[in-house]
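Good morning, colleagues. Please turn to the structure on the screen while I describe one part of it.

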Amino acid sequence: MRVIIIGAGEVGSSIAAGLADSHEVVVVDIDADRVEELTYSIDVLAIQGDGTSMPTLEEAGIDRADMLIASTDNDETNIVACNAAKIAGEVFTIARVKKPDLLDTWNRSNRGFGVDFMVCSDLLSAQAIVTIVGLPAARDADPFAGGTVQMAEFEIPENSSIAGQTVAEADRFDSLTFVGLLRGETVQIARGETVLEAGDYVVVIGSPESVQRFGAELSPEQTPGSTEEIVVIGGSEIGFQVARLLEQQGLSPRLIEEDHDRARDLAERLPNTVVMESDATDMEFLSREHIDEADVVVSALLHDEANLLISLLAKQLGAARAVAVVEHGDYVDIFESVGVDAAINPREITAEEITRFTHEGRAENISLIHNDRAEVIEVEINRESVLAGRPLKESMADLPEAVVVGAVTRDGECIIPRGETRIEVGDHVIVFARTDVVDAVAAVL
């Protein structure tokens, strides 16, 4: 495909890097320094200019483009760029926005504004946080097949029951497949003889119930009780959306917001959330509010430094888990290396959501694993697929080695695949693959 990306920030650059090897990519940005940096770091055509300008779009070849992705940090710019692209040619348009209200307006307008698909960063981030909150010890998690299947990534702690065991020995959970192992910079396919070591990150795919049980056994001390105590720090849009989604699950979180007017507004919009007006860095206040009894503390302030400080304070006081929003992707590993249990980067999550449209148009869902070292993709099987009508032990020979079929869904039921499992047309398969073979896998699935 010929893909035009408007915006060379973290989201745009991440998408461009993922597409450069297999697609013709043009990146447009108004910042000359960003354009020059991209020209030397990624094999793409980088153009300096305004992505909402018709002459700039024409220079980028909008008349020959298959897709335009508007990913600047300005919502209105992205929508205008998509509208201009539609005027100039037949192109599939994707707009990144931060405001959930814009997403709601787009849905109500029957997907208007010249936007074919809209991605809301703040809402996606809140959904990712709530998913992780529901999984003890999870570093990352994503639902597949409409929630029938769950992918999750866990770090194996020193005292874990599976540390030192082989995959075959640890494989005692119903409806669960060990698919990958991340050790240092390497990605390994999980085989029966693979030894699971403390400090490894293990990726599993299975039914949500089995993934939940696996996480509970992996780190029983981090398993929330029946009435989870969840504290959200910061009434940002992400913080508000986290509390709202938790309320939808029947939970009653607490939310701390320093600004008086914002706190009052949130209290009116969140009927089942206790909203407290205070500075969340006040140790005395945190102690008085028994932050040490929290199962999860979510830091959703507007600055990374503040989120790191709050997370470490909460852990020091005794909170079981800390989840933090991290705006700068380079900080994710730093946050998790100093004690934050899960760091959520809105830009990475947005890039992940957009990327699923680039896998030959076949991928139903996609999740990027550990800084895009591996991917989990969901594909509906058609008659041309190498898996169709064949048992897995036979068809796997036609796939690269760095691939595992983690789950199959048929008629809404999760099936854990074995060698004799026959894949049928219409099945959904959830596959773990190393990033360097994903395009080859998607092309034959």
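On the surface, L312, Y331, I334 and V338 make up a nonpolar patch whose accessible area together is about 310 Å². Patch members have over 30% relative accessible area and no salt bridge; like charges are joined within 9 Å, nonpolar side chains (Val, Leu, Ile, Met, Phe, Trp, Tyr) within 5 Å. A salt bridge means a side-chain nitrogen of Lys or Arg within 4 Å of a carboxyl oxygen of Asp or Glu, and areas follow the Shrake-Rupley method with a 1.4 Å probe, with only the protein chains shown counting as cover for residues.

This is a predicted model: local features need pLDDT of at least 70, side-chain atom pairs count only at pLDDT 80 or more, and totals for chains, interfaces and linings use all residues. Residues are numbered from 1 along each chain as its sequence is written, and side-chain values use heavy atoms, leaving out hydrogens and water.

V338 lies in the loop between α13 (332-337) and β17 (342-344); helices (H or I, at least four residues) and strands (E, at least two) are DSSP runs, numbered from the N terminus. Why is V338 counted as partly exposed? Because its relative accessibility is 44%, and buried means under 20%, exposed over 50%, partly exposed in between (1.4 Å probe, protein chains only).

In strand β16 (residues 321-325), five of five residues are buried: R321, V323 and V325 on one side, A322 and A324 on the other. β16 runs parallel to β15 (residues 296-299), joined by four bridges; strands pair if DSSP finds at least two bridges between them. V323 is the bridge partner of V298.
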